[in-house]
Amino acid sequence: MRWAEITIRTTEEASEAICEMLAQVGADGIASQDPMEFRNTIDNDPLSYCDDGTIESYGQDVVIKAYFAETDDGVIRMGAKSEEFANPDGVGMIYGSITDKELKTAEAMDFIKQRLAEIGEFLDIGKGFDGFTYVKDEDWANNWKSYYQEFKLSDRIVICPSWIEEGDAELEKDAIKIILDPGSAFGTGTHETTSMCAEILDRIIKPDTNVLDLGTGSGILAIIASKLGAQSVDAVDIDSLAVKVAEENCAINGCSNIKCYTGELKSVENAPYDLIVANIIADVIAEIAVDIPADLADDGVLVCSGIINTKKERVLEALEKAGMKIIGEESKNDWMAYICKKA
């Protein structure tokens with residue numbers, strides 16, 4: 001067996017959607033390098049330095065590496081997706097239903113290109129697919145795991161990959177450590193939208209809060225809400241694979257008060273919620289905004305993110321039409337997060 005290392009060059013706007021797609025189709029590992037994150041670190045930290053030409057060498061593209069196992073027969077297994085949740089009358093599957101597949105490597109590459117084209121109907125994906133190469137079986141894990149170390153998501157919240165036994169981050173006394181492996185599903189904490197949501201949750205979660213994490217992905221925000229003291233959390237996603245991964249992550253982190261299930265806003269089970277957090281793409285937030293007030297307690301709070309600033313006006317207009325008012329906002333680089341209540 002050997003490992004196919006796929007390279008995708010894309011935009012910051014599309015990078016998380018592409019990582020989610022790769023997880024859906026069965027990538028065994030995903031690593032993302034965003035040159036803007038590096039530049040912002042250098043610009044914002046006077047103690048940071050680098051050699052001349054280093055910043056320029058990173059280019060402008062977000063570079064995503066995805067790893068797929070190829071058998072000795074030259075076959076790649078594409079996901080485990082025999083029971084996708086899809087509602088043609090609602091948001092449904094954004095990138096199409098994935099089924100159990102075993103494809104020859106060339107066919108697997110075409111399959112991924114097709115999925116990239118579908119994302120391109122919603123977002124600017126930039127150059128897109130940039131070829132693949134092979135990595136030796138004994139080297140592949142270290143290749144992609146080397147991109148990830150323990151890091152602080154906020155003053156109190158620390159994300160730690162499972163293969164790091166002892167963390168190195170300087171922790172506060174009340175630090176909250178979350179074990180989460182990248183590459184398993186959408187949302188590892190490395191993106192601005194997730195970190196903004198985490199920081200907001202850290203400020204507003206109360207012990208008796210009933211939370212809905214809509215579009216839970218890896219379950220990271222649901223786990224954060226649980227560890228911050230929420231009474232109960234529903235972690236919901238239209239992708240059944242994401243739900244399975246979220247369940248595993250919740251179990252690893254000992255979060256027994258989280259219920260993970262496949263669905264969308266129309267199928268939530270414990271409304272009204274004191275807090276709804278939706279870290280999904282702007283177009284979907286705008287589409288479902290009209291349905292949010294019915295599932296939100298009268299004094300409840302909506303936290304929404306995943307909104308690129310070029311689409312914020314559409315989201316704000318949809319929220320206003322839905323009877324929501326903005327009571328706070330956050331921004332990081334080109335991304336926005338809003339805190340809302342019923343008007």
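Two strands are said to pair if DSSP finds at least two bridges between them. Strands (E, at least two residues) and helices (H or I, at least four) are DSSP runs, numbered from the N terminus. The model discussed here is predicted: local features need pLDDT of at least 70, side-chain atom pairs count only at pLDDT 80 or more, and totals for chains, interfaces and linings use all residues. Residues are numbered from 1 along each chain as its sequence is written, and side-chain values use heavy atoms, leaving out hydrogens and water.

Start with an open sheet of 7 strands, whose pairing is mixed and whose order is S12-S11-S10-S13-S14-S16-S15. The edges are taken by S12 (258-262) and S15; each has a single partner strand, so one side of each has no neighbour in the sheet. On average, and with direction ignored, neighbouring strands of this sheet are turned by 15° against each other. The angle is taken between axes, which are lines fitted to C-alpha atoms (for helices over the stretch in contact), and angles run from 0 to 180 degrees between N-to-C directions. Helix H8 (residues 240-252) lies across S11 (232-237) and S12, running at about 165° to S12. Contact here means heavy atoms within 4.5 Å.

Now follow strand S16 (residues 335-342). Of its 8 residues, 6 are buried, so S16 is largely enclosed by the rest of the structure. Buried means under 20% relative accessible area, exposed means over 50%, and partly exposed lies in between (1.4 Å probe, protein chains only). S16 pairs with S14 (residues 296-308) in the antiparallel sense over 5 bridges. Across this pairing, Cys 304 stands opposite Tyr 338, and Ile 307 has Met 336 as its bridge partner. S16 also runs antiparallel to S15 (residues 324-332), to which 8 bridges join it. There, Lys 325 stands opposite Lys 341. The hairpin of S15 and S16 has 2 residues between the strands, and Asn 333 takes a positive phi near 55°.

How many aromatic pairs does a search of the whole structure find? It finds 1. The ring centres of Phe 132 and Tyr 134 are 5.5 Å apart and their planes are at 85°, so this pair is edge-to-face. Rings of Phe, Tyr and Trp (its six-membered ring) pair if their centres lie within 6.5 Å; planes under 30 degrees apart count as stacked, over 60 as edge-to-face and the rest as tilted. Phe 132, at 34% relative accessibility, counts as partly exposed, and so does Tyr 134, at 32%.
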